[in-house]
Amino acid sequence: MQSVIEVINYWVNTQPQAVAVQAGQSSLSYQQLDHLSNNVAINLQAKGVAVGDVVAICMPREITIWPVILGIFKAGAIYLPVEQQWPLGRVEAVLKQAACRFIVGDSAAGNIPSAQKLLAPDTLVKPASAAPSFSPLCCDTAYIIFTSGSTGQPKGVAITHHSLWHLLDVMKNTLALDNSLRQLCITSFAFDLVMPDLFLPLVTGGCCVLDNGAAINSPQCLADQLSALEINLLQATPGTFQTLTDSGWPGSNKLQIIIGGDKVPKALADNLATKVKKVWHCYGPTEATVWSAIESYPVNGQLAFSGALPGYSFYLVDEQGQLVTHTNGKGELLIAGKGLALGYIGQPQLTGQKFVDLGLPEGVQRVYKTGDIFQYDENMRLNYRGRVDNQVKLSGHRVELGEIESLAETVSGVTRFVAEPRKEQLTGFYTATDNPEVIEKAIKAELEARLPWYMLPTQYIHVAALPLNANQKVDRKALHAINAPTDLPPANKERESETFTYYKTQIQLAWRDAFDSDIDENANCFDEGMDSLKVVSLLVAIEARLQINLAMTFVYSHPGIAEMAAALESQYHGSAASDELSQSPQLIKLQSGEGTPLVCIHPVGGGVFHYRLIAKYLQSVSVYGLQAQGYDGGEPLYDVVTMAERYAGVIEKSLPTKNVRLLGGSMGGVLAVETAKQLKAKNIHVEDVYLLDAVGRVEGGNHKRRPISFKGAVRGLSLRLKDNWMQLKAKLIFSVGARLPHVWRYQYLTLVNHKALDKYLASEHYEKKYQGRVILFRLPPQPEGQYSDKCLGWDKIINPEPIVYYAQGSHHQFLESKDFELALKAHY
């Protein structure tokens with residue numbers, strides 16, 4: 001076998017009904033995966049995709065990703081991953097360099113240039129009559145991954161089918177994997193580490209499990225998924241594992257982990273080795289197909305490599321290009337073997353510089369010059385020592401400083417720009433013709449429009465002249481001695497609004513939650529030891545307090561508490577809320593406007609600030625969020641009908657109107673319908689009820705009983721005991737008038753709301769008819785399960801039948817769907 005497709009075909013014939021891929025409640029067997037990927041291949045060819053064409057994928061994290069990628073392979077085309085979060089400028093640069101004419105995506109991907117032909121995933125998987133007319137050969141390009149480039153443009157690395165298959169085959173044998181493998185994919189689709197996540201289980205006959213994007217930003221969510229989904233292999237960068245261990249994760253004796261992509265701290269490796277079945281320490285550049293060295297790491301072991309994987313060879317050369325073969329010898333690492341890339345697409349000169357022929361006693365070998373400096377120890381094991389150039393690793397990603405510098409120097413008024421890591425953060429030093437403050441804003445805008453978050457400097461320093469060394473080159477070491485302003489411009493105390501003060505206080509509390517310390521509101525976070533791992537921790541803490549899901553760039557663009565508060569005030573226009581323990585639901589104004597007010601009712605987690613997107617979509621409308629009682633740590637309500645009665649009372653008391661519209665996502669939709677019933681009893685007219693992927697009682701859907709294995713029964717019992725213990729602790733805390741600790745507040749409220757929802761859907765209260773107009777926005781239909789019901793169960797209790805709109809996307813990120821946005825605007 002020489003390709004991933006051939007190996008998957010083996011499992012299709014051997015175990016056709018085994019689960020191959022899983023995402024949330026959806027799954028595909030090997031037979032279904034094969035069938036759908038054949039459909040994709042045929043439909044791609046019908047739409048003009050030819051052998052060797054590059055097909056980009058810009059899709060949300062959903063199960064369709066596997067049939068689409070494999071369909072591209074089967075069509076003889078080349079897979080190019082593009083992140084939905086990338087700025088449009090970077091997407092355009094990548095597609096142009098790859099000569100890409102086709103993009104598989106949906107209208108939710110707002111960064112797709114109009115020059116490319118957009119292909120919808122749901123149409124590609126539709127039945128086709130013939131078999132694909134082409135099967136990939138081992139010498140053909142499988143995929144292109146873009147990394148940072150020193151010339152100001154990203155560079156695309158082309159990897160063959162055979163190189164990909166070889167890596168996966170070697171990993172399967174090295175890690176002793178079989179068809180019991182359940183591997184969780186948390187990696188970005190545009191990061192080359194994702195390749196083993198996507199395909200290694202398919203090579204072993206196991207199951208790929210896709211995270212929806214929540215785990216990478218929430219260590220608690222990641223820990224929960226590892227346990228609940230029975231994951232036995234996880235691959236991630238040191239940063240992800242550090243946040244996981246810092247969260248108090250107890251570990252798992254059934255879990256193997258793969259750690260690499262950045263320097264691994266020894267303390268972290270030792271900690272992990274005590275928590276899991278086995279730790280695999282890895283090294284490899286993108287140009288050598290992800291990993292070229294994998295070593296088992298024991299407690300108190302050495303973070304060094306004894307050699308390359310089978311099929312690869314390592315060589316060290318000194319500055320004169322001579323082989324280094326003695327103990328303590330140091331040099332640049334060159335890699336040869338089956339995993340080498342074809343080169344950089346559209347850059348033959350760069351390919352010739354990095355992929356060279358090396359004369360050896362046994363003959364000439366084609367090698368890749370990694371730019372990584374390694375040193376042999378006394379046992380001839382390789383230890384990483386640094387770089388020969390200006391390439392650095394930031395948050396596990398390779399970054400060419402020259403790419404940042406070249407882009408910044410295109411800004412009018414910038415005469416010179418140098419990017420340099422200081423204290424593990426990136427600082428931009430620049431000289432300018434005049435008005436540095438204006439030019440700095442222009443630099444920030446240009447970089448944010450063209451670069452992913454991990455390549456953005458966290459600090460900018462204007463200098464009259466850059467320090468030079470004796471060779472008249474920039475003295476980068478001298479840059480570290482340049483002092484930067486440690487404080488941001490102070491906030492105008494006299495003009496602080498109530499909303500600004502609220503956001504500032506909540507962010508300061510979030511800082512305390514994350515780091516158990518305080519920070520001045522005008523200090524630059526990155527001068528206080530902030531790094532990319534701590535950025536994630538802070539964002540998780542902010543999200544827990546405000547239910548605002550912020551991008552990494554938010555902290556990089558607003559590195560002070562006061563700056564963040566001002567940005568949130570400007571962006572969300574939220575009303576201040578008290579930090580006192582609340583004994584009732586909170587109606588929070590998200591936007592002032594005209595006409596009938598829209599009240600958005602919380603989902604199962606209790607928060608409402610994510611509904612800010614609704615306010616953004618409906619800019620002239622008054623929008624409110626109804627936050628759950630107990631969201632601030634107080635005692636929640638335990639019954640849906642009681643909740644709805646309280647919510648109707650809050651709306652009646654707080655809004656001076658006899659007309660209202662209600663909206664709810666997921667559980668919030670169930671609450672919206674019940675609240676509408678209560679409001680009608682109070683003679684308040686409910687003009688419309690908007691349900692966002694909210695599922696009612698679906699016969700054969702959400703109440704379908706499934707056989708439970710003994711192992712599953714034991715796990716279920718363990719979870720129930722854990723839940724019961726948490727509920728007992730909560731009652732004791734509430735009995736003395738205190739609030740729940742922040743660390744499990746959200747978990748408790750979610751548990752209570754799930755129980756209330758299940759109880760309500762099975763009760764007679766649910767069956768009481770609602771007479772009024774209801775609009776249901778939902779994910780596309782599925783052949784079976786709850787999503788096979790057009791109205792998701794609501795037609796049984798709502799008259800007239802709900803108006804239904806379909807929107808591509810995912811349940812957890814439904815608000816962000818472009819289809820939903822357009823449908824809501826069109827209907828409202």
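A residue counts as buried when its relative accessible area is under 20%, as exposed when that area is over 50%, and as partly exposed in between, with a 1.4 Å probe and protein chains only. By this definition, 57% of the 828 residues of the protein chain are buried. The structure is a predicted model, in which local features need pLDDT of at least 70 and side-chain atom pairs count only at pLDDT 80 or more, while totals for chains, interfaces and linings use all residues. Residues are numbered from 1 along each chain as its sequence is written, and side-chain values use heavy atoms, with hydrogens and water left out.

pLDDT is the predictor's confidence in each residue, from 0 to 100. The protein chain averages 84, and 87% of the residues score at least 70. A contact here means heavy atoms within 4.5 Å. Across the protein chain, 69% of the contacts with a separation of 6 or more are between residues 24 or more positions apart.

The protein chain has 25 helices and 35 strands. These are DSSP runs numbered from the N terminus, where helices are H or I with at least four residues and strands are E with at least two.

Among the buried residues are Trp66, Phe73 and Lys74. Just after H3 comes Gly76, with a positive phi of about 80°.

Asn683 follows H21 and has a positive phi, near 65°.

Next comes a sheet. Three strands form an open sheet in the order S24-S25-S26, with mixed pairing. S24 (414–422) and S26 (459–462) stand at the edges with a single partner strand each, so one side of each has no neighbour in the sheet. Neighbouring strands of this sheet are turned by 25° against each other on average, direction ignored. Two strands pair if DSSP finds at least two bridges between them. S25 (residues 425–432) and S26 run parallel and are joined by 4 bridges; Thr427 has Gln459 in S26 as its bridge partner. Helix H12, residues 401–408, lies across S24 and S25 and runs at about 150° to S24. For such angles, axes are lines fitted to C-alpha atoms, for helices over the stretch in contact, and angles run from 0 to 180 degrees between N-to-C directions.

Leu358 is in strand S19, residues 355–360, and is buried, with a relative accessible area of 11%. Leu358 touches residues including Tyr315, Leu323, Leu334 and Val367, not counting those up to four places away in sequence. Leu323 is 35 residues from Leu358 in sequence and 9.9 Å away in space, C-alpha to C-alpha.

The structure holds 0 disulfides, a disulfide being a pair of cysteine sulfur atoms within 2.5 Å. Cys58 counts as buried at 2% relative accessibility, and Cys791 counts as buried at 2%.
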